[in-house]
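Take a moment to look over the structure below before reading on. The paragraphs that follow go through it part by part.

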Amino acid sequence: MFFYKEMTKADIVNEITKKTGIDKVTVLTTVEAFMDAVKDSLANNENVYLRGFGSFIVKKRAQKTARNISKNTTIIIPEHNIPAFKPAKTFTISVKK
């Protein structure tokens, strides 16, 4: 049986602080600024490419028909964009090991 450890933003800040010696407030500000930059870029339909890590991309979902089971009706879900992450090949290989 496998158990997966989850990592929160606070855990990431602590890891970066340990590895670099930079204070937590500065690291937290930097991490949040990075996340805001990625969100803003994707909101403007701009992909973000990080060589050796992966790409944050905007995917377009086609219009589709769905069912509302509680009301027994058909609804149409319009075409829309969703954020996605595509890991780099080196990233994928390191995770597989």
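Is Phe91 buried, partly exposed or exposed? Phe91 has a relative accessible area of 24%, so this residue counts as partly exposed, where buried means under 20% relative accessible area, exposed means over 50% and partly exposed lies in between, with a 1.4 Å probe and protein chains only. This is a predicted model, in which local features need pLDDT of at least 70 and side-chain atom pairs count only at pLDDT 80 or more, while totals for chains, interfaces and linings use all residues. Residues are numbered from 1 along each chain as its sequence is written, and side-chain values use heavy atoms, with hydrogens and water left out.

We can now turn to the aromatic rings. The structure holds 5 aromatic pairs; rings of Phe, Tyr and Trp (its six-membered ring) pair if their centres lie within 6.5 Å, and planes under 30 degrees apart count as stacked, over 60 as edge-to-face and the rest as tilted. In one of these pairs, the ring centres of Phe53 and Phe85 are 5.5 Å apart and the planes stand at 55°, so the pair is tilted. Because Phe53 lies in the loop between strand 1 (48-50) and strand 2 (54-61), and Phe85 in strand 5 (residues 80-87), this pair ties together parts that are 32 residues apart in sequence. The helices and strands named here are DSSP runs, numbered from the N terminus (H or I for helices, at least four residues; E for strands, at least two). Phe53 is partly exposed, at 38% relative accessibility, and Phe85 is also partly exposed, with a relative accessible area of 35%. Phe53 pairs with Phe91 too: their ring centres are 5.1 Å apart and their planes are at 40°, so this pair is tilted. It links distant parts of the chain, since Phe53 is in the loop between strand 1 and strand 2 whereas Phe91 is in helix 3 (residues 89-96), 38 residues apart. Taken together, ring pairs link Phe34, Phe53, Phe56, Phe85 and Phe91 into a cluster.

Helix 1 itself can be checked for length. Its 12 residues should span 16 Å at 1.5 Å a residue, and its end C-alpha atoms are 16 Å apart, which agrees; the expected span is 1.5 Å times one less than the number of residues. After helix 1 comes Gly21, whose phi is positive, near 80°. Within helix 1 sits Val13, which counts as buried because its relative accessibility is 5%. Leaving aside neighbours within four places in sequence, Val13 is in contact (heavy atoms within 4.5 Å) with Lys24, Val27, Leu28 and Val31.
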